[in-house]
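Hi everyone, thanks for making time for this. Today I'd like to walk you through some side-chain contacts, so please have a look at the structure with me.

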Amino acid sequence: MRLAFGRSTWSRALTIVFATQVLFWSAYAVMFLSLRPPSGLEADQLTSTRSTPAPGDGLMGAFVSGLTRAAVLRVAGWQPTVVYPGRVSLLLRSQGTDSATGWSLACLKDPCGKTNPVYAGSFARMEAAARLERFQRHDIVWINITVAAVVGVALLLLLPISRFSRLQAITGIFLLIVATETWISGFGAARLTQSWFPVLRYAAQFLVFAWLALMMNAFAGWRAREAMATAACFLAALATFIAAFLSHVDIASFVRLFQGAALALLFGYAILAALRLFRTTPGLTLRDMALLLVALAFIGFDLFLLLPRQHGLALRSVLLSPPLLVFIFLFELALRGRRLNQEVEAARNDLQRQVLEQDVDLVHSSNLLRRQDRLLAVHEERQRLLRDMHDGAGGLLTHLLLDLRQNRLTPAQIELGLQSAVDDLRNIASAIDADDEPIDEALAAFKERIAARLSRSTIAFTYDCALPAPAPSIDVRRLLSLYRLLQEGVTNVVRHAEASAIDLKVESKGDGVIAITLSDNGKGFDPGRAGSSPGEGRGLANMRRRAEQIGGTLQIDSTPQGGTGLVLTLTVWADRKRLGTVEK
């Protein structure tokens, strides 16, 4: 593996490692100084040369360090007393004559610690020493067990949230193994079978080493071969311990060699894992490597420096594992929270930028759409006007021009054709002007326009509207077709009916249906025979076609000498009525 480390990278790595070591060893020094045994405790220790406690005022007590079971302490000149692990026992002077000399410690259940330091002296000083040992050997051990077990179980229970992360699963199991090994080391001697206790204790220790290697493997990117090699090393060490135990070989004589080799292998593997991981996540690798070196330093300090030279009370550095674990989790959570907050802030800023850009694009697109809609509306309106003029006045003028070229029209017919063209242009203008106006007002405007023309022909025109207020309105296209239908009906009356009066009547039939009636008092005709007269059948067909265009029906009532009535039935406000009901 080829990695390029600059001088700044090495300086940063060494700074992080050194600062972490100083931080945790300073915490150990503070705890050690605050938990020191009472001053002068060495003067109270019973030895072969000093077999009785120094005389003093007040109560006297005895305390035995390192006990795992209850024992009986006998001191010459004092009554026998039962001593317990981490407890001070009251010493009372013997009432009779005791010829015995020296002191002895007898365990109630063998085997029991027989070389434990025995202290006898002031009860207050002995109680302080016992309280210190109880904290170191019992209370803080349970703190270790509780913290490791709770965090381990929490990690395992939260596996579904992390999508069953291998690293999280291995870390959770590792913490449960640490809790088990701590219980065995702290309380196993008093609660387990003494014959198998050393094997169980060392097996638990090496299982911690092996699982720690698996955790580093998962952290740096899982490799199955390395995991299998770790398992093989652990099984080999376990088989060696069991073989030595069955062969009655003193395990303690070579266990430190195994522990040293295991720590060296762990340290080397940690370096390789860190180098493999450094390329992708240098900051995380440096932090975790610094914390791992602290843990290895704690283990090495306890195994090779503290325990071989331990005399009396001593504070094991590994007891700092609970605050170490808490610090690791809190520190990592704080860093990840800060990084997550930065990512969220960057994502929020990017999202705001994208939203602003989209808003600008939407405004621009909306303006373009509105402009296109306006242009399209103008274009459609122009096309509609052109079609209306072409179909109406344009068609009339074209036919009139052709007839003039062939000299087939009289002056009166020419005047009538021109008048029809002008009337159609006025209908177009009126329909456009009356858009969205009530239909009664639109028909009233038609009445005013047509009445002036009919007055010149001595034909009276009346208009009667019985629609309820407010009257409905229709769109421009339908209104123009209605104008043309009525215009053609009036023109037919002028041409053929010889009438003196025309009536236009509008009334409501209910449910949005209106009836528009155009009637005259002319000579009338037979609708069944109208098709036989040249031009008449085509005019009636045009009016029926216009009625269908506006969604209505046209009924023609006429009899010879009985006048003519055109009844247009039209639905104008059914949709509007339903819309009003919904709005209410």
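Let's begin with Arg 348, which counts as partly exposed because its relative accessibility is 38%. Keep in mind that this is a predicted model. Which residue does Arg 348 form a salt bridge with? The partner is Glu 345, and the closest N and O atoms of the two are 2.4 Å apart. Glu 345 is partly exposed too, with a relative accessible area of 34%. Both residues sit in helix H8, which covers residues 321-405, and they are three residues apart, so about one helical turn separates them.

That is one of eight salt bridges in the structure. Another one joins the side chains of Glu 507 and Lys 509, at 3.5 Å from N to O. Are these two buried or exposed? Glu 507 has a relative accessible area of 24%, so it is partly exposed. Lys 509 reaches 54%, and because the cut-off for exposed is over 50%, Lys 509 is called exposed.

Next, look at Arg 223 and Glu 226, whose side chains meet in a salt bridge at 3.8 Å, again N to O. Arg 223 is partly exposed, at 40% relative accessible area. There is also a network of salt bridges, which links Asp 350, Arg 353 and Glu 357.

Now for the aromatic rings. How many aromatic pairs does a search of the whole structure find? It finds four. In one of them, the ring centres of Phe 63 and Tyr 119 are 6.1 Å apart and the planes are at 20 degrees, so this pair is stacked. Phe 63 belongs to strand S1 (residues 60-64) and Tyr 119 to strand S6 (residues 118-122), so the pair links distant parts of the chain, 56 residues apart. Both Phe 63 and Tyr 119 are buried.

Tyr 202 and Phe 241 are stacked as well, because their ring centres are 5.8 Å apart and their planes are at 25 degrees. Here the link runs between two helices: Tyr 202 is in helix H4 (residues 197-220) and Phe 241 is in helix H5 (residues 224-246), 39 residues apart. Tyr 202 is buried, with a relative accessible area of 13%, and Phe 241 is buried at 1%. Finally, Tyr 202 and Phe 241 form one aromatic cluster together with Phe 206 and Phe 209.

Terms used
Residues numbered from 1 in each chain as written. Predicted model: local features only at pLDDT ≥ 70, side-chain atom pairs only at ≥ 80, totals over all residues. Heavy atoms only, no water. Phe/Tyr/Trp six-rings, centres within 6.5 Å; stacked < 30°, edge-to-face > 60°. Helix = DSSP H or I, 4+ residues; strand = E, 2+ residues; numbered from the N terminus. Buried < 20%, exposed > 50% of the residue type's maximum accessible area, 1.4 Å probe, protein only. Salt bridge = Lys/Arg side-chain N within 4 Å of Asp/Glu carboxyl O.
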